[in-house]
Amino acid sequence: MKADREAIFPEGGRALYDKHRYSAAIRSGDMLFVSGQVGAREYGSPEPDFKKQVELALERLQAVLDAAGSSFGDVLDVTMFFTNPEAQAETVITAYQKAFDQTPYPAVTAVGVTYLSGFDFEIKVIARSPRGTE
């Protein structure tokens, strides 16, 4: 039996998702699976300033959560990818702590990678989506 699935997209900016054939998030029941979000500038190119790139990625994540009727408080699991963990960890941790300021905190996995299509940071989450059972 195929599970019910609903694609979730934030306001505007759907063209990039359609071009690359993926959804910003998929809601199934009361669970929300959010695709990796990056710190892209308006036309999709990477923001060169790392701190701003992380902030933009979190803003994009917030927009997807908002579109699903969820929030950072609904996030259960976080996976973060960055290209130079030793140099970037402090910036990422500071931004993460500002966004995820409610207990209980989500489970977190941080992964150092060598390639993110020109980006230096990406974040994906699994969240509860309260409106998913209406």
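Predicted model: local features only at pLDDT ≥ 70, side-chain atom pairs only at ≥ 80, totals over all residues.

**A tour of the cores, helices and loops**

Guide: Start inside. The largest nonpolar core has 29 residues, and Leu61, Leu65, Phe100, Phe121 and Ile123 touch the most other members. Core membership follows a rule: buried Ala, Val, Leu, Ile, Met, Phe, Trp, Tyr and Cys residues joined through side-chain atoms within 4.5 Å. At least two residues of this core come from each of β3 (31-38), α2, β4 (75-82), α3 and β6 (121-128). With seven residues, α2 gives the most. Helices are DSSP runs of H or I with at least four residues, strands are runs of E with at least two, and both are numbered from the N terminus.

Visitor: What else is there besides that core?

Guide: A second, separate core has five residues, including Val38, Ala40, Leu116 and Phe119. In soluble globular proteins, nonpolar side chains tend to be buried together.

Visitor: Which residues does isoleucine 123 touch?

Guide: Contact means heavy atoms within 4.5 Å. Leaving out residues up to four places away in sequence, isoleucine 123 touches Ser35, Gly36, Gln37, Ala57, Leu58, Leu61, Val78, Thr79, Met80 and Phe100.

Visitor: Why is valine 75 called buried?

Guide: Buried means under 20% relative accessible area, exposed means over 50%, and partly exposed lies in between (1.4 Å probe, protein chains only). Valine 75 has 4%, so it is buried. Its place is in strand β4. Not counting residues up to four places away in sequence, valine 75 touches Leu65, Phe100, Pro106, Val125, Ile126 and Ala127.

Visitor: What makes aspartate 74 buried or exposed?

Guide: Its relative accessible area is 11%, so aspartate 74 is buried. This residue lies in the loop between α2 and β4. Apart from neighbours within four places in sequence, aspartate 74 is in contact with Gly69, Ala127, Arg128 and Pro130. Aspartate 74 and methionine 31 are 43 residues apart along the chain, with 9.7 Å between their C-alpha atoms.

Visitor: Why does serine 23 count as buried?

Guide: The relative accessibility of serine 23 is 19%, so it counts as buried. Serine 23 sits in the loop between α1 (14-20) and β2 (25-28). Residues up to four places away in sequence aside, serine 23 touches Ala7, Phe9, Tyr17 and Ser35.

Visitor: What makes aspartate 49 partly exposed?

Guide: Its relative accessible area is 42%, so aspartate 49 is partly exposed. Aspartate 49 lies in the loop between β3 and α2.

Visitor: And why is serine 28 called partly exposed?

Guide: Serine 28 has a relative accessible area of 23%, so it is partly exposed. Its place is in strand β2. Serine 28 and arginine 128 are 100 residues apart along the chain, and their C-alpha atoms are separated by 9.8 Å.

Visitor: Why is α2 called roughly parallel to α3?

Guide: The axes of α2 (residues 50-67) and α3 (residues 85-99) come within 10 Å and cross at roughly 30°. That angle makes α2 roughly parallel to α3. Angles under 35 degrees count as roughly parallel, over 145 as roughly antiparallel, 65 to 115 as roughly perpendicular and the rest as oblique. Axes are lines fitted to C-alpha atoms, for helices over the stretch in contact, and angles run from 0 to 180 degrees between N-to-C directions.

Visitor: Which residues make the contact of α2 and α3?

Guide: From α2 come Phe50, Lys51, Val54 and Leu58, and from α3 come Gln88, Thr91, Val92, Ala95, Tyr96 and Ala99.

Visitor: Where are the backbone exceptions?

Guide: Most residues other than glycine have a negative phi, and most peptide bonds are trans. Serine 117 is not a glycine, yet it has a positive phi of about 50°. Serine 117 lies in the loop between β5 and β6. Threonine 103 and proline 104 are joined by a cis peptide bond, with omega about -5°. Proline 104 is in the loop between α3 and β5 (107-112).

Terms used. Residues numbered from 1 in each chain as written. Heavy atoms only, no water.
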